[in-house]
Amino acid sequence: MADFLSQFIVILVDHALCKTWAAVADQARRNGRPIQVGDAWIAATAISLNVPLITNNRRDFTGIAELRLLPQV
């Protein structure tokens, strides 16, 4: 398992990421598009790392202003 996991970067949760998660969840709710908990973590992590997100479920992330979504290929 260690070999498999070594292929990935593990992003540890800290106070700043938790605040970003809360802001994402609140913004989505206020925009009338509540977001699932896991999707909020994905969005918050992308925002905190300042990286774009590519997803097959763009609708799940609609209304998150700071999130950059890449065009679907």
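The model is predicted: local features need pLDDT of at least 70, side-chain atom pairs count only at pLDDT 80 or more, and totals for chains, interfaces and linings use all residues. Residues are numbered from 1 along each chain as its sequence is written, and side-chain values use heavy atoms, with hydrogens and water left out.

**Aromatic pair**

- A search of the whole structure finds 2 aromatic pairs (ring centres within 6.5 Å, taking the six-membered ring of Trp).
- The rings of Trp21 and Trp41 are stacked, because their planes stand at 25 degrees (stacked means under 30 degrees); their centres are 5.4 Å apart.
- This pair links distant parts of the chain, with Trp21 in helix α2 (residues 15-30) and Trp41 in helix α3 (residues 37-49), 20 residues apart; helices are DSSP runs of H or I with at least four residues.
- Trp21 is partly exposed at 25% relative accessible area, and Trp41 is partly exposed at 30% (buried is under 20%, exposed over 50%, partly exposed in between, with a 1.4 Å probe and protein chains only).

**Helix α2**

- Helix α2 has 16 residues and reaches 22 Å from first to last C-alpha, close to the 22 Å expected at 1.5 Å a residue (1.5 Å times one less than the number of residues).
- Leu17, Thr20, Val24, Gln27 and Ala28 are the buried residues of α2.
- Seen down the helix axis, these buried residues fall within an arc of 95 degrees, so they line one face of α2 (the arc uses directions from the axis to the C-beta atoms).
- His15, Lys19 and Arg30 are exposed on the other side of α2.

**Helix α1**

- Leu5 lies in helix α1 (residues 2-5) and is partly exposed, with a relative accessible area of 46%.

Notes. Helices (H or I, at least four residues) and strands (E, at least two) are DSSP runs, numbered from the N terminus. Rings of Phe, Tyr and Trp (its six-membered ring) pair if their centres lie within 6.5 Å; planes under 30 degrees apart count as stacked, over 60 as edge-to-face and the rest as tilted.
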